[in-house]
Amino acid sequence: MQTDYDPRAVEAAAQRYWEENKTFRAVEDPSREKFYCLSMFPYPSGRLHMGHVRNYTIGDVIARYQRMLGKNVLQPMGWDAFGLPAENAAIKQGIPPSQWTKSNIAYMKGQLRQLGFGYDWERELATCDPDYYRWEQWLFTRLMDKGLAYRAKAVVNWDPVDQTVLANEQVIDGKGWRSGAVVEKREIEQWFVRITDYAQELLDALDGLQGWPEQVRTMQRNWIGRSEGVHMDFGIEGSEQRLGIFTTRPDTVMGVTYVAVAAEHPLAREAAEQDPALAAFIDECRRGGVTEAELETMEKKGHRLGRNAVHPVTGESVPMFAANFVLMGYGTGAVMAVPAHDQRDWEFAERYGIPKKQVIASADGSACGIEEGAYVQKGVLRDSGPFDGMTSEQAFDAIAAWLEQHGKGGKRITFRLRDWGVSRQRYWGCPLPVVHRPDGSIRAETDLPVRLPEDVVVDGAGSPLKRMPAFSELPGGETRETDTFDTFFESSWYYARYCAPDCDDAMLDERAKYWLPVDQYIGGVEHAVLHLLYARFFHKLMRDEGLVDNDEPFARLLTQGMVVAETWYRQDADGRKHWFSPAEVEVTRDDKGKMVSAVLASDGEPVLFGGIEKMSKSKNNGVDPEALTARYGADTVRLYTMFTSPPEQSLEWNDEGVEGASRFLKRLWTLATGNRDAIARAPAVGELDLDEATAAARRELHAALKKALFDYERQQFNTVVSGCMTMVNVLYKVDASAAAGGLLREGIGIVLRLLAPIAPHVTHHLWRELGFGDDVLSAGWPAVDEAALASDSIEYVVQVNGKVRAKVQVPADADNAAIEAAALANDNVQRFIEGVTVRKVIVVPGKLVNVVAK
């Protein structure tokens, strides 16, 4: 057995063993309890970062732990391979996106293997593989048949230079992030999937997801945004048209003094044909924001349409405005405006001199004026005709009934959630399986997959598919759709395909019904809404096709915290910041750890502290996992990421902490190898008559084990590592007796099993070398010996006026009087109560004695 701990050799040998024995190959076995553990798959950007490492280590720890509990575990890995970054990299390097992507996949796969993650690589998939995306194309054709997929016009961010649609986050200060061109709002034909048909089910099912963080469930509830309100139709003067609006405050309808419509609304565009100033305003709005968040912060502007709406109750004329705060894609694209009772409407009315009519008064007679702002509380109706004197709640029902009686509206439930726009005018994505006929009609493609041409050089000027007749032109004058799917389409069902990755005649087969749902899903909270909501929706679509037999994809969700680190910079004369790696900075601290100064090591000149932030290339505060693994070994990296903080909290990087993790593994190695002979010849500890010191050590060992087992159950792996450190400390203190040899054998066996999910290579090696067995993963999970925890005496901490002054041993069966007497008799306690009166002695059974003295 090698004397010195050599992580490189140990890890290579362990990984070779796992590969040769196909240790992590998952096979369906109905006789065993299954456990499907999945971490969100990565985008193949080129290299792993520490966020990846932490995410995948958490997942691997959980998977190995469940395996050691005896469950049939599936833990797969794949690649979220489509997307705009590949196009941008391809433009920069002059190579096809497929070449860049596949090269990155190969490199990152090697990095994952180096870290020892226990994946079933036979199930590996990449979303850019036609054998994968053919099945989402197939499902889309089924949705077309059901009317759940449809084509409609939608307002998008359009980059006139790159000739493509931009996501909201790609618009920076109103300009395209790559081209710098002023972005326009343009209405174009897009493909949608009716996620709104499932809105209520998606909302209701959140209550059953008890294994999800409440924060994520709340975010999804808010995103779905169920509202109970009233729909009503305003008339249009001089027309038979009606203008529908929805409101959650029908009690304020008698205070409507104007109606606002989106700049893209047909009424606004019609009026603009006769009004150049209005046309200019609409053109201005085309370059504005398209999200609710943007509308909240932008200056509210509008323009009269030159025609009026007709109030549905009073019949009075109400002016109509085109307004930049109304979105065509939300609701009906029109809102009733009540300046007296909505602050946004109040500010708009102030700007354009529109009257304000107060129709709600406070129920308790408190101040409710509207001179300085809107009165937005509910209350009692006034100046509201037949509804005067009603409370807001009573008026809700009464006004809804009146509208329904007169054929002008009624109660309605709406959702903030909008149908999912799934088409993108980009190249590197899955082609939509749609064919356009010469007569303008469309049909679903039947010859699947529709393969994306891969030997393509992208130049950034729109999708090259539009310039490829070999792809788009079909016999008989038909043309193929050149849009590709939103990449969320691929990532919304990959977890299911892992269950049947080699099925070539269906999207899924019976194996999916064995493995699904995923028992544990791990990923960042930034995916709380889009990815996780779309995956839930997709699962229900697959359920309704008979492909899966449950309602939700992920039973339990863990959202891991970010990896953060210090940032350092200098600022030049024009205000630009230049960021330096923490490794380049020398920091001086005082004896309390407070920073005194920081200089760049290369020139000795000062640098400024930029705070603790998420590791990123832009702030140059990242740590290269590959370099770290090469220096310390994968187990040290894994151990450090698990020990530093609980999984759901941010991990603040500290190089000294990595050194500490390395020292602990070396210490464990030395303990095990230095006592190999004693362990080999030691009898089972249960067969020995333990002396008092050894029994006390065993008691401490099993107390730490009991807590560690509980911590594994609640996924607090940082305290599991802490418990293992405690056990190693205990084992270092035992003497060289035969009893101690038995305790060492038992204790090291416990530590190796507890650490096996976290530091799998070194524990695998030591388990075999110490003769415990061939594979620690196949060993039984350690169990607490309750008899070992029994003690003839109990140690009590003694406090005097809240401060610890002593520890005393008392018989385990001592009553409170005896415990109090032992505490008060302690010499150190006597010093602190001398000359004062003991007012009270409080005994906390099994733990604490608190003496109150004055």
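In this predicted model, helices α19 (residues 634-643) and α25 (residues 760-769) pack at an angle of about 120 degrees, and they are therefore oblique to each other. Their axes are 7 Å apart. Helix α19 also packs against α2, with the two axes 10 Å apart.

**Helix packing around α19**

- On the α19 side, the contact with α25 is made by A634, D635 and R638.
- The α25 side of that contact consists of P760, H761 and V762.
- Sorted by class, the residues joining α19 and α25 are 3 nonpolar, 1 polar and 2 charged.
- Helices α2 and α19 meet at an angle of about 90 degrees, which makes α2 roughly perpendicular to α19.
- For this second pairing, α2 supplies M50, V53, R54, T57, I58, D60, V61 and R64, while α19 supplies V637, R638, T641 and M642.
- The contact of α2 with α19 divides into 6 nonpolar, 2 polar and 4 charged residues.
- R638 is worth a look in the viewer: this α19 residue takes part in the contact with α25 and also in the contact with α2.

**The parallel sheet and its helix**

- Four strands form an open sheet in the order β2-β1-β25-β26, with parallel pairing.
- The edges are held by β2 (72-74) and β26 (557-560), each with a single partner strand, so one side of each is left without a neighbour in the sheet.
- From one strand to the next, the twist averages 20 degrees.
- Strands β1 (residues 34-39) and β25 (residues 520-524) are paired in the parallel sense through 3 bridges.
- Within that pairing, S39 has I522 of β25 as its bridge partner.
- The parallel pairing of β25 with β26 extends over 4 bridges, and G523 has T559 of β26 as its bridge partner.
- Strand β26 is covered on both faces: L557 and T559 are buried on one side, L558 and Q560 on the other.

**Antiparallel strand pairs**

- Strand β5 (residues 149-159) and strand β9 (residues 184-193) run antiparallel and are joined by 10 bridges.
- In that pair, N157 has K185 of β9 as its bridge partner.
- Strand β9 also runs antiparallel to β19 (residues 420-421), to which 2 bridges join it.
- Here F192 stands opposite G421 of β19.

**Nonpolar cores**

- The largest nonpolar core contains 171 residues.
- The residues with the most contacts inside this core are Y36, F140, Y495, M542, W653, I748 and L754.
- Apart from its neighbours within four places in sequence, I748 is in contact with L671, A672, I679, L731, L770 and F772.
- There is a second, separate core of 54 residues, with A263, L305, F321 and F387 among its members.

- T141 has its place in helix α5 (residues 130-146).
- With a relative accessible area of 9%, T141 is buried.
- Not counting residues up to four places away in sequence, T141 touches P433, A444 and E445.
- V434 belongs to strand β21 (residues 434-436), and at 0% relative accessibility this valine counts as buried.
- Leaving aside neighbours within four places in sequence, V434 is in contact with F140, M144, W191, I442, R443, E445, T479, R480 and E481.
- V434 and A444 are 10 residues apart along the chain, and their C-alpha atoms are separated by 4.8 Å.

**An exposed loop residue**

- A367 sits in the loop between β16 (360-361) and β17 (380-381).
- Its relative accessibility of 77% means that A367 counts as exposed.
- From C-alpha to C-alpha, A367 and H436 are 63 Å apart in space, with a separation of 69 residues in sequence.

How values were computed:
Residues are numbered from 1 along each chain as its sequence is written. This is a predicted model: local features need pLDDT of at least 70, side-chain atom pairs count only at pLDDT 80 or more; totals for chains, interfaces and linings use all residues. Side-chain values use heavy atoms; hydrogens and water are left out. A nonpolar core is a set of buried Ala, Val, Leu, Ile, Met, Phe, Trp, Tyr and Cys residues joined through side-chain atoms within 4.5 Å. Buried means under 20% relative accessible area, exposed over 50%, partly exposed in between (1.4 Å probe, protein chains only). Contact means heavy atoms within 4.5 Å. Two strands pair if DSSP finds at least two bridges between them. Axes are lines fitted to C-alpha atoms, for helices over the stretch in contact, and angles run from 0 to 180 degrees between N-to-C directions. Angles under 35 degrees count as roughly parallel, over 145 as roughly antiparallel, 65 to 115 as roughly perpendicular and the rest as oblique. Ala, Val, Leu, Ile, Met, Phe, Trp, Tyr, Cys and Pro count as nonpolar, Asp, Glu, Lys and Arg as charged, and the others, Gly among them, as polar.
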